[in-house]
Amino acid sequence: MTDIPKAYEAKLVEDKWYQAWLKQGVFTPNPQSPKPAYCIVIPPPNVTGVLTMGHVLNNTLQDILCRRKRMQGFEVLWLPGTDHAGIATQTVVERTLRKQGIKHPRRDLGREGLVAKIWEWKEKHGGIIIQQLKKLGCSCDWSRERFTMDDGYNKAVLHAFVALYKKGLIYRGKRMVNWCPVSQTTLSDEEVIMKEVEGELWHFKYPLLDVHGKPHPKDFLVVATTRPETMLGDEAVAVNPNDPRYKNLVGHKCLLPIQNKQIPVIADEAVDPKFGTGCVKVTPSHDLADYEMALRHNLPFTEVIGPDGRMTELAGEDFAGMDRLECREAVVEQMRVNGLMLKTEPYKHSVGYSERADVPIEPRVSEQWFLKYPQVEKSLAAVDQGEIKFYPERWTKTYAHWMKNIRDWAISRQLWWGHRIPVWRKAVTKEEVGNLIGSNLYCRWEDGEWKRGIAEGQGVSTEDPLWEAPFEESDVGSFSFRIHEGNVGREFIVEVAASSERQVRWLEANSFQQDPDVLDTWASSWLWPFATMGRWPEEKSDTLAKFYPTSDLVTGPDIIFFWVARMIMAGYEFMGQKPFSNVYFTGIIRDAIGRKMSKSLGNSPDPLDLIAKYGADGLRFGLMLIAPQGSDILFAEERMEVGRNFCNKLWNAARLRQMQGVASGAVKKELLSPDDHHILAKLDDCIRNVSASLDGYKFNEAAQTLYGFFWGEYCDWYLEVSKAALQGTDAALKANACAVMDTVLSNVLRLLHPFAPFITEELWFGLGFAQDKTIQFAPWPVPTGLGDASVVDWVSKKYALVVAGRNLRAEKKIAPGKKANFKVQAKTPDIAARLQRELPTLRILLNAEQIEFVGADFQSSSGTPAAVAELGSIFMPLEGLVDPAAERKRIEAQLVKLAKEIEAIDRKLANQDFVAKAPPAVVAQQRTKREELLRQQAELQKLLS
């Protein structure tokens, strides 16, 4: 036992214990341990990241789960790491280089030079968020920290790509993608931020053509668009087939203005007849819905906006080279001059913006690498049948909807920072194919086409290649060529995916060129639950064998598709098992008026500032009090103050126990008072309820239960009633009261430890519970069975009688330090006798000089304050407590003040201009205030009488 200082200095305690834990290696599990395994892999924060309130919430929840499992006897691995965050990191570094004078980083430095600069930046700045997570108290095994671009993980990613490529699940093709014209790369949906924009809706006239291709002078189709620049690439006008206004025009043609090109009028169910005029322009190369419509109707694709956001030559010589927004103005002006602009109207709509570059994205048809998702049915069934459980359960429907409507995944990005796609190509002639592959060629050229050779069925048919030819060489290993039709002058493209260093050296020696793209960041992090453990797939490490499948995943519902679903599919594909058993989806932290917290709005506090102000434990516990399962959280800093105050309350309660200086020993049941039984029974309820709440991932319920028990039951009641024994002369009763306090504190510290690790460790040692062993491995509490639950009802009724007496003191404004006299009229003689046996505690709780028990025939004198409780009535004689003259003067002064305030409000409400012009909420507020003042006036008049 060490002396507990008077004040809790959070920073000193936090720094001391975290360093001690790291030195002792308490976060590092032993894969050889016979204990049951428990594992969480941290959702890897971006290497560019700094701690946000979202990180605080997510990682506090994970830490609670891990710390509790250690106390329950599990071998726990919480595996940390960071994500290379392709576009985010490259954008940050390129922006930094531009500030340093390198205006065109990719052009000026080249690929190797820029990637080297990014690695330099990562080594210098990439660990910031890891250090911040340590400040929060996260009990991760930092010895196993991973990075999605470290050597071992990189090999795992490339291996997975090649394996899927060989199965025919990865192919190259043209699709509509989200395109950032600044970063000049595809973006995932998660990297696109939808913003409400106050734009315009332009209504243009497209002249209808007669059978001779001549425009009708008065017949037009009117289309509405928010993007006039895209009309230069229109290939049709579409209407709904059931729209009677246009049925007779389907199959006709109209003239595309400016381009003077004939385009058809088509019918498609996707057209909403209620939008605009019911006619929509179809731009297959620049709108997703139009792209899909073009595929259904076999329309051509005309790209008029290039990858840099400038108009192409196909846009016409008047517009080629213009920025897309500059072109918008030019097209509108041209349509106005041509007399083809019907009208313009304001229009609010959602526009997708690049998260990093903060510019509107461009839907664009681009040649990319795509993945046909593996193990879809098994992954869908795993959640549907409860093999993997979601908390809250409602997210299973969202997951199922996405899985049943899944589309191939665009996995390539036009960046340099990331896992470079391990595919090599070489353009060759027919003869060179034979020379390259030689006797290993399992398909042959005959009669102008490739035909199967001696290995019937050896090739894997995919969407793109003509054939696949296995290749094997002793120094290189085995891999497969894909043979594609080539360009003019070179008959074929030989393509191969390879991940081993030997194969790469052979390909480079034979003049193969590697694909320049890198993989989508999610195409590496979907392997996170198993690729982080050892050197998969080269070996199955002890760590992987012990801790995979992992146990729980804590993440946000916004990445249920981008990460959670993909990890499930990857787990079944590469490991043959689910990656985790439970997924807990957090809510979003919002400000007091419901806005999502963000730096741009200035409504997101710095968590490190909050830690400095309230302590890590205060922040963690305060946040948990307001974090209901799966619901958004309205953040209020005052709640963090509640967390800090709770820690201070715990500290002071522990000091009070230490000041008794009694070595208590075990609780002696025969010496327990009713109040002892009450607190011990309530402790058992608390243990059961906290455990049940955590089992159900209801973290806020567990925190609120702990708060209510410790502050409301133990501090507010038991510490007061225990003074009877602690200040008495019976040493045995005093020792037993201390034993009860130790029992409560020992259990509360263990229940609280997952929420508030620092203060609980400090007090665990300070109160002598530790015996030189950390609280982290102390057994999780189970009900003690010491308290007699049948006594709880009696003590609760006794406390209700005390509350009634305290309310009398408050009503008469009796100073807290001033003792009062009470008379108690019990309902029955048995109740009176029982209360008399507890007279010492009643005196303490009521701060009473004396308490007299009176019979049923007792009549109180006029004006004596009284209250009724279930056990009987309580009276507080005023003799000696109140000076009638002074009290009358005080009350009359208050009544005068209230009368003036009521009069002022009455004048305001009598003013018709005020009532008519003031906001209704302000008028209602004045009326509510008036009612409250009248209530106070009535109370004071009652007191005066």
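In which sense do β18 and strand β24 (residues 513–514) pair, and over how many bridges? The two strands pair in the antiparallel sense over 2 bridges, with Arg425 standing opposite Gln513 in β24. Helices (H or I, at least four residues) and strands (E, at least two) are DSSP runs numbered from the N terminus, and two strands count as paired if DSSP finds at least two bridges between them. The model is a predicted one, in which local features need pLDDT of at least 70 and side-chain atom pairs count only at pLDDT 80 or more, while totals for chains, interfaces and linings use all residues. Residues are numbered from 1 along each chain as its sequence is written, and side-chain values use heavy atoms, with hydrogens and water left out.

Strand β18 (residues 423–428) also pairs with strand β23 (residues 492–497), again antiparallel, over 6 bridges; here Trp424 stands opposite Val496. Strand β14 (residues 362–371) has 9 of its 10 residues buried, where buried means under 20% relative accessible area, exposed over 50% and partly exposed in between (1.4 Å probe, protein chains only). Strand β5 (residues 170–180) runs antiparallel to β14 and is joined to it by 10 bridges, and Val177 has Arg364 as its bridge partner in β14. A further 2 bridges join β14 to the antiparallel strand β16 (residues 409–410), in which Ala410 stands opposite Phe370.

Turning to the helices, α1 (residues 10–24) has 15 residues. Its buried residues are Ala10, Val13, Glu14, Trp17, Tyr18, Ala20 and Trp21. They cover an arc of only 165 degrees around the axis, taken from the directions from the helix axis to the C-beta atoms, and so lie on the same side of α1. The face turned away from that buried side carries the exposed residues Lys11, Leu12, Gln19 and Lys23. Just after α1, Gly25 takes a positive phi of about 65 degrees.

Across the whole structure, 52 salt bridges are found, each a side-chain nitrogen of Lys or Arg within 4 Å of a carboxyl oxygen of Asp or Glu. One of them joins Glu94 and Arg106 at 2.9 Å, N to O. Because Glu94 lies in helix α3 (residues 86–99) and Arg106 in helix α4 (residues 105–125), this pair ties together parts that are 12 residues apart in sequence. Glu94 is buried, at 7% relative accessible area, whereas Arg106 is partly exposed, at 23%. Asp268 and Arg296 form another salt bridge, their closest N and O atoms being 3.0 Å apart. Finally, salt bridges that share partners join Arg172, Glu367, Arg425, Glu495 and Asp515 into one network.

How values were computed
The expected span of a helix is 1.5 Å times one less than its number of residues.
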